[in-house]
Amino acid sequence: QVQLVESGGGLVPAGDSLRLSCAASGRTLTSYAVGWFRQAPGKERESVAAISCRGGRTRYADSVNGRFTISRDNAKNTVFLQMNSLKPEDTAVYYCAARYTFPCSASTYSRNSEYTAWGRGTQVTVSS
């Protein structure tokens, strides 16, 4: 089973940027579709962005489309989430998740239940 560790969170003012990383170990990410999710206090975990196993297809939530970019470097076994123009409503714990996808396809996934491996999350706080 692949293990995932997120990093890059922090406290930033509105309008700033952050780059989250999701580093995988135990298995190569080449055969995994990956997603970023977030959970704010008192709210359900929601999909933010997703990327297919080779990175050819991406998907974004409407609330972050145009501000966030998901990418992956399979050689480094890492997936990234570049977050620009951050807003206070982006404040949440951000999680990455992976789903084994063999053979590799262009599919992306946005439901919690579609993923089998999760990291422990990294806190992102955006001040107004």
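Trainee: Is cysteine 22 buried or exposed, at 1% relative accessibility?

Mentor: Buried means under 20% relative accessible area. At 1% relative accessibility, cysteine 22 therefore counts as buried. Keep in mind that this is a predicted model.

Trainee: Which residue does a disulfide join to cysteine 22?

Mentor: First the general idea. A disulfide is a covalent bond between the sulfur atoms of two cysteines. Here cysteine 22 is joined to cysteine 96, S to S 2.1 Å. Cysteine 96 has 0% relative accessibility, so it is buried.

Trainee: What is the handedness of the disulfide of cysteine 22 and cysteine 96?

Mentor: Read the torsion about the S-S bond. For this pair the torsion is about 65°, so the disulfide is right-handed. Cysteine 22 sits in strand S3 and cysteine 96 in strand S9 (residues 92-100), so the bond ties together parts 74 residues apart in sequence.

Trainee: How many disulfides does the structure hold?

Mentor: Two. The other case is cysteine 53 with cysteine 104, S to S 1.6 Å. Its torsion about the S-S bond is 110°, and the link is right-handed. Cysteine 53 lies in the loop between S5 and S6, cysteine 104 in the loop between S9 and S10, 51 residues apart. Counting bonded cysteines along the chain, the pattern is 1-3, 2-4.

Trainee: Where is the bridge partner of glutamate 6?

Mentor: In S3: the partner is cysteine 22. S1 and S3 pair in the antiparallel sense over five bridges.

Trainee: What is the strand order of the open sheet?

Mentor: The order is S1-S3-S8-S7, with antiparallel pairing. S1 and S7 are the edge strands, each pairing on one side only. Neighbouring strands are turned by 15° against each other on average, direction ignored.

Technical notes. Residues numbered from 1 in each chain as written. Predicted model: local features only at pLDDT ≥ 70, side-chain atom pairs only at ≥ 80, totals over all residues. Heavy atoms only, no water. Pairing = 2+ DSSP bridges. Helix = DSSP H or I, 4+ residues; strand = E, 2+ residues; numbered from the N terminus. Axes fitted to C-alpha atoms, helices over the stretch in contact; angles between N-to-C directions. Disulfide = S-S within 2.5 Å. Buried < 20%, exposed > 50% of the residue type's maximum accessible area, 1.4 Å probe, protein only.
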